[in-house]
Amino acid sequence: MNIQKKVLLTPSEVRPSFSDWSVQGVLNPAAVRMPNKKILLMARIAESSVQRPGEQLTCPIIVSDSEEYEMAYQKIKKERVLKSGVNIIHLREGLCRLTTISHLRRIIVSPDGFTVEKVDDGPTFMGVPGDGDYGVEDARIVKIGSQYVMTYVSVSLHEGVCGSLAVSKNLVDWERKGIIFRQQNKDVVIFPEKIRGKYVALHRPEGTMNFSKRSIWISHSPDLIYWGKEKSLIRPRDNSWDDAWTGAGPPPIKTKKGWLLIYHGVKTIDEQNIYSVGSVLLDLKNPEIVLARTPTKAPLLEPKEKYEASGFVNQVVFPTGAVPTLDGKDILLYSGGGDKISSVKKVPIKEIFARMEYF
Ligand code: MAN
């Protein structure tokens with residue numbers, strides 16, 4: 001597929017929150033078109049604090065719920081570490097800790113979607129105790145009526161990994177509404193309008209007692225806060241690029257043919273997780289009906305660019321924002337690459353439809 005693509009931001013272009021911290025990733029940006037036609041991204045900035053060799057690990061934890069970004073440092077003795085990965089540390093007592101802490105930062109992009117015009121100097125939206133003590137990650141933004149609705153992953157001391165919600169009228173001031181999908185849950189996206197009188201979301205329970213593989217679920221709500229009437233909808237498929245687990249990408253886009261959802265699917269080869277991208281088409285009136293899906297034989301996009309094949313985490317293309325171009329012919333797909341950079345790809349909508357298998 002011949003598509004226009006570009007790395008939008010790399011860690012060195014983002015100022016760390018504290019002078020002795022370093023930015024490891026500017027990744028997984030939410031994207032929404034603003035009234036002035038420019039595009040706003042809310043990217044996840046993953047940072048690490050300085051580790052002093054020989055000492056115990058220090059793990060930052062947010063301790064202030066004011067607008068100050070105030071940290072304490074939990075000290076973890078090396079003997080407590082069972083297994084330490086690039087982005088996560090498993091402790092002997094069964095708990096885990098992250099090697100980075102993330103906040104969300106606002107970035108303004110030109111109307112054509114390809115030029116970064118401004119990056120905020122410091123955190124725009126960060127965790128607070130109980131809502132991301134260990135950070136906030138992987139936002140998605142959707143406009144519902146006159147309100148912007150942001151879903152994100154909150155990683156908290158007592159609540160673990162949850163799907164949380166904040167709303168805004170102006171994309172500057174956000175009102176926190178708290179956890180909407182309790183632990184363990186990620187990749188929450190909300191449809192841009194009510195369907196049959198209810199708000200509809202897709203989300204991905206992580207599970208702890210796993211009887212099934214992790215998949216994308218559908219859920220309904222009268223008010224965006226209380227969710228129910230749930231079921232698993234878009235599941236991993238055997239012998240496919242998405243055979244390990246699936247998770248929603250950006251919020252679904254309304255098209256004449258149905259709701260277009262771009263999602264990520266993972267395949268694990270020799271302990272290496274490979275994050276690729278596919279799409280499904282859901283019925284406009286009843287999104288529980290899947291009309292079409294990218295076939296099992298090949299994804300729509302694979303992590304084949306250099307900045308996706310190797311990064312902070314290798315083999316990852318992870319779309320989180322999708323904005324139609326002004327002429328409506330293409331989708332500007334904003335993704336994280338290798339858990340390190342943010343990229344944009346201009347994908348013709350026709351191509352996405354042509355590459356799906358219709359049921
Ligand atoms: C996984 C990865 C990390 C993320 C944690 C917590 O380990 O997705 O990037 O920080 O989960 O959400």
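**Entry 1: Arg44 and its surroundings**

I began with the contacts of Arg44, where contact means heavy atoms within 4.5 Å. Leaving aside neighbours within four places in sequence, I found Arg44 in contact with Gly25, Val26, Leu27, Asn28, Ser102, His103, Leu104, Val136, Glu137 and Asp138. I noted that the model is predicted, that local features need pLDDT of at least 70 and side-chain atom pairs count only at pLDDT 80 or more, and that totals for chains, interfaces and linings use all residues. Residues are numbered from 1 along each chain as its sequence is written, and side-chain values use heavy atoms, with hydrogens and water left out.

I then looked up the polar contacts of Arg44 (a polar contact is a pair of N or O atoms within 3.5 Å; within protein, one must be able to donate a hydrogen and the other to accept it, and residues adjacent in sequence count only if both atoms are side-chain atoms). The side chain of Arg44 has one with the side chain of Ser102 at 2.9 Å and one with the side chain of Asp138 at 3.1 Å.

Arg44 belongs to strand β3, residues 39-48. I recorded the rule for such elements: helices (H or I, at least four residues) and strands (E, at least two) are DSSP runs, numbered from the N terminus. Is Arg44 buried or exposed? Arg44 is buried, because its relative accessible area is 11%; buried means under 20%, exposed over 50%, and partly exposed in between, with a 1.4 Å probe and protein chains only.

**Entry 2: Tyr73**

I moved to Tyr73, which lies in strand β5, residues 71-76. With a relative accessibility of 38%, Tyr73 counts as partly exposed. Not counting residues up to four places away in sequence, Tyr73 touches Trp21, Ser49, Thr58, Cys59 and Pro60. I found a polar contact of 3.2 Å between the side chains of Tyr73 and Trp21. Tyr73 and Cys59 are 14 residues apart in sequence, and their C-alpha atoms are 5.3 Å apart in space.

**Entry 3: Backbone geometry**

I next checked the backbone, bearing in mind that most residues other than glycine have a negative phi, and most peptide bonds are trans. The peptide bond from Gln183 to Gln184 is cis, with omega near -10 degrees. Gln184 is in the loop between β14 (175-181) and β15 (185-190).

Leu224 is not a glycine, yet has a positive phi of about 75 degrees. I located Leu224 in the loop between β17 (216-221) and β18 (228-234), and Leu224 is buried at 6% relative accessible area.

Gln315, also not a glycine, has a positive phi of about 65 degrees. Gln315 lies in the loop between α1 (306-309) and β24 (317-324). With a relative accessible area of 25%, Gln315 is partly exposed.

**Entry 4: The whole chain**

Finally, I looked up totals. How many helices and strands does the chain have? I found 2 helices and 27 strands. Along its principal axes the C-alpha trace spans about 60 × 45 × 40 Å. Of the 359 residues, 56% count as buried. Among contacts with a separation of 6 or more, residues 24 or more positions apart account for 52%.
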